[in-house]
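Dear colleague,

Please look through it first; my findings are set out below it.

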Amino acid sequence: MTITTDSLHTARFADRADGYHPSPVREVFEVSMQPNMISLAGGNPDLSGLPLDRIADMAQRIIKDRGEEALQYGSGAGTPELQELICEIMALEGISALPENVQITSGSQMALELVTKLFCNPHDVILAEGPTYVGALGTFEGLQADVVQVAIDEKGLIPSELQDAIRALKAQSRTIKFLYTIPNFNNPSGISLTPERRQEIVDICRTEGIAIVEDNPYGLLSFDGSARAALHSLDPDNVFYLGSFSKIFSPGLRIGWVLAPTEVRKRLQLAAEATTICPSVLSQMLVESYVSGFDWRAHVRDACTTYARRCDAVMEALELHMPEGTTWTRPTGGFFTWITLPAGRSVDALLQPAIDGGVVFVPGSAFFAEPAGANQLRVAFSFETEEALVEGVRRLGAAVAALPG
Ligand SMILES: Cc1ncc(COP(=O)(O)O)c(C=O)c1O
């Protein structure tokens, strides 16, 4: 065997390096860029309705009037003005919070990493929905936590399954650190947790001494404009709430946050400072100007009307093009629907023929820590036009029809 510089280095990697795998979503992202490819893969927000001229003016004002502050290091927790605005936004979901309990991060992805770093030793257990957000699985596996997934149905996470999983893990003397959950318009399933189950799940976790990490980037993207009570509003001391401007404004600015009780928030800040020193001051100021100087809720309403129309188009096209026995979720908000093909059809075998036919999606197995989801896939309806989505589903249907079995 020839020893290259590369293999010398990789032999020195820490154990945790094995936990970092290429994200299936990022991998198909490359494919999405191919000409004439229709992407049902990435959960990109539609930015076409953003008032770009106004945002450009805001950016110019910030640099001209407050440039030395905007381009400087800032507070490790985030700017007090944005912390305050974030509290106003969270109030829309029944959360009553103090600005000093908000830690601003580079996207909620970083918030997820900080919380996991702070709480999880290698092989501590994190409970999560099955399926769950692939980016969360990447973070948990990278930090050597063990993920145990709990079944969902059309009402979201199943409380009795959660209770059974906790009992079984405790019987094996496993340490469960938290339940990671996406209660609204779940990525990837598109399902939302019902109000009754919210209370049940909060109660189970409190009784069992397990914290909840509530990841809620899609909560304000309901098609009918209604907002649901956050789990945090039901048990503020036991729920860490993760929020993001990525889906309601811009993912490129990389601004998210975590709301946590005082002592935890302070530790999160220390962990954040060890990673990035402080969140981007310029990005925070731009978000601040946008939220306080523009009717951002009207933009979100308009975007949701677009997402709802796109979702309807996908639902109709699935009806038309999917074989007998295929099922899919019917989201009332967010970006995704979750499709289950008749048993025995392999989605991994479907991916390449689908790409050859000009459509790409994310296979269901990406959203499970253990082998599962073999006949399932995620379809995103947030980014492509209605026409492209309909054609994409038609191409997908043709690839499914050509599958053996
Ligand atoms: C459920 C969920 N959590 C977190 C994130 C990360 O978002 P951010 O851009 O705020 O890091 C995403 C992005 O797709 C997501 O779907």
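This is a predicted model: local features need pLDDT of at least 70, side-chain atom pairs count only at pLDDT 80 or more; totals for chains, interfaces and linings use all residues.

The secondary structure of the chain amounts to 14 helices and 14 strands. Its radius of gyration is 21 Å, close to the 22 Å that the globule rule gives for 405 residues, so the chain is as compact as a globular protein of that length. Of the 405 residues, 43% count as buried. Among contacts with a separation of 6 or more, 76% are made by residues 24 or more positions apart in the chain.

I then turned to strand S9, which covers residues 256–259. Which residues lie on each of its faces, and are they buried or exposed? On one side are Gly256 and Val258, on the other Trp257 and Leu259, and all of these are buried. Both faces of S9 are therefore covered, as a residue counts as buried when 20 or more other C-beta atoms lie within 10 Å of its own.

Strand S9 also has pairing partners. With strand S2 (residues 102–105), S9 pairs in the antiparallel sense over four bridges, and here Thr105 stands opposite Gly256. Strand S8 (residues 239–244) likewise runs antiparallel to S9 and is joined to it by four bridges; in this pairing Gly243 stands opposite Trp257.

With kind regards

Conventions:
Residues are numbered from 1 along each chain as its sequence is written. A residue is buried if 20 or more other C-beta atoms lie within 10 Å of its own, exposed if 12 or fewer, and partly exposed in between; C-beta atoms are placed from the backbone. Helices (H or I, at least four residues) and strands (E, at least two) are DSSP runs, numbered from the N terminus. Two strands pair if DSSP finds at least two bridges between them. The radius of gyration is taken over C-alpha atoms; the globule rule is 2.2 Å times the number of residues to the power 0.38. Two residues are in contact if their C-beta atoms, placed from the backbone, lie within 7 Å.
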